[in-house]
Amino acid sequence: MAIRKPAVAPAAIVCGAGGFIGHHLVTKLKSRGYTVRGVDLKLPEYGPSSADEFLLLDLRNPAACVEAVSGSVPGGGPAEVYQLAADMGGMGFISGADCEMLRDNAAINANMIHASAEAGNVRYFFASSVCIYRDMLHGEAALSEDDAYPALPANEYGWEKLYSERVALAYARRYRMDVRIARFQNCYGPEGAWQGGREKVPAAVCRKVAAAQPGDVIELWGDGSAVRSFVYVDDLVDAVLRLMASDVAAPTNIGSREYVSIAKLFEIVAAVAGKNLRVRYVPGPVGVQSRNFSNARIESLGWQAKVSLEEGVGRTYKWVSAQVAAAGDDSDATLSSGNRAALRR
Ligand code: NAD
């Protein structure tokens, strides 16, 4: 597995640069000397982008994808295209947006890789997900990348990702194009969605804990037994860059080796916050029961997640609790008064 070290950092085009991971990726690419074009429907919500230029484009539109990779890339020359744009969110969003995800994300992914292939001289990265894998039983042996088939993703988000992986691989063959595909585990950290319905479980738990008073009961979906692994955003971005610079052409899992139940995640957040809270499990969209993935392929490139869950939760909680405090009563972060009264009964 070779790591490519170009003499001069190439230009990078980051699609989804207004989102959580894309924004962090732009910052990292800039720190490595890249000239960067950010592309998204929106600017980042929690601070200015450090991209050299930022194009507001709807990438469902084929002409917008052509514009995103057009010749005026700052710095010129070959470009690295990072395709992270997607209509997505946590389980609350994923469970109710089947049509949007299947239509919008398939359009973005098919149009972006087509435009990149036609532009030529492009190395292409696609952000896939471990949602392409089937559900697992507690304690099951780790799935490796090849275990994606026979395919049985647990939701439409995963099916679309698997379809778009295949589109990317087909273009790689036809156009002899370098394509790298990462299957991300749950990613968390500061400056990601923390309210409004698109937030993931770590940010949602941080928000609920930040808004709670000592002794409160907070509600979580499911029964707390679902097992997940969470990768801190800085680690994930490092892995993306390592994969992009490698000769690994096959889809590659990126995640932490640390697996916890949702009940344990809650305990970690409450401990970090120093709050004595109780939890009530309520029906809601939980997603798969368990996860366990081999990271051997990405670890063969010398990468391993460095930030422990406790450390990452510490940094994330600090940021989310500042957002909760700043939002005050205008936020949906706090438990509604009716909800709080009900929970105290
Ligand atoms: P995010 O929602 O924060 O960012 C996605 C960005 O895509 C948003 O800024 C959004 O505005 C943009 N976008 C959506 N539709 C668009 C369109 N039509 N045109 C242009 N831009 C559009 O999500 P994220 O957490 O940063 O995830 C980035 C990528 O990684 C996504 O492809 C996601 O599916 C994948 N992924 C994320 C996780 C995770 O835990 N965050 C896990 C697995 C895979």
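Which residue in β11 is the bridge partner of V227? In this predicted model, that partner is S261. The pair belongs to the link between strand β9 (residues 227–232) and β11, which run antiparallel and share three bridges. Both strands sit in an open sheet of three strands, ordered β7-β9-β11, in which the pairing is mixed. β7 (186–188) and β11 (259–261) form the edges, each pairing on one side only. From one strand to the next, the twist averages 50°.

Two helices pack on this sheet. Helix α7 (residues 233–244) touches β7 and β9, and its direction makes about 75° with that of β9. Helix α8, for its part, touches β9 and β11, with its direction at about 90° to that of β11.

Two packed helices are described by the angle between their axes and the distance between the axes. For α8 (residues 262–273) and α10, the angle is about 60° and the axes are 10 Å apart. That angle makes the two helices oblique to each other, and the crossing is right-handed. On the α8 side, the contact uses L265, I268, V269, V272 and A273, which meet L309, E310, V313, G314 and Y317 of α10. Sorted by class, the contact holds eight nonpolar residues, one polar and one charged.

Helix α10 (residues 309–327) also packs with helix α6 (residues 201–211), here at an angle of about 55° and with the axes 9 Å apart. α6 and α10 are therefore oblique to each other, and their crossing is right-handed. From α6, the residues involved are A203, C206, R207, V209, A210 and A211, while α10 supplies T316, Y317, V320, S321 and V324. This contact divides into eight nonpolar residues, two polar and one charged. Y317 of α10 turns up in the contact with α6 and again in the contact with α8.

Elsewhere, strand β5 (residues 122–129) is flanked by paired strands. Strands of a sheet pair through backbone hydrogen bonds, either parallel or antiparallel. Strand β4 (residues 79–83) runs parallel to β5, and five bridges join them; A79 has V122 of β5 as its bridge partner. With strand β6 (residues 178–184), β5 again pairs in the parallel sense, this time over seven bridges, and S129 has F184 of β6 as its bridge partner.

How buried is β5? Eight of its eight residues are buried, so the strand is largely enclosed by the rest of the structure. The burial covers both faces: V122, Y124, F126 and S128 lie on one side, with R123, F125, A127 and S129 on the other.

The loop between β5 and α5 (156–175) carries L143. Buried or exposed, where does L143 fall? Its relative accessibility is 5%, so L143 counts as buried. Apart from neighbours within four places in sequence, L143 is in contact with Y133, R134, M136, N253, N292, F293 and S294. As for A263, L143 lies 120 residues from A263 in sequence, and the two are 23 Å apart in space, C-alpha to C-alpha.

Methods. Residues are numbered from 1 along each chain as its sequence is written. This is a predicted model: local features need pLDDT of at least 70, side-chain atom pairs count only at pLDDT 80 or more; totals for chains, interfaces and linings use all residues. Side-chain values use heavy atoms; hydrogens and water are left out. Axes are lines fitted to C-alpha atoms, for helices over the stretch in contact, and angles run from 0 to 180 degrees between N-to-C directions. Helices (H or I, at least four residues) and strands (E, at least two) are DSSP runs, numbered from the N terminus. Angles under 35 degrees count as roughly parallel, over 145 as roughly antiparallel, 65 to 115 as roughly perpendicular and the rest as oblique. A crossing is left-handed if the near helix is turned anticlockwise from the far one by less than a right angle, and right-handed if clockwise. Contact means heavy atoms within 4.5 Å. Ala, Val, Leu, Ile, Met, Phe, Trp, Tyr, Cys and Pro count as nonpolar, Asp, Glu, Lys and Arg as charged, and the others, Gly among them, as polar. Two strands pair if DSSP finds at least two bridges between them. Buried means under 20% relative accessible area, exposed over 50%, partly exposed in between (1.4 Å probe, protein chains only).
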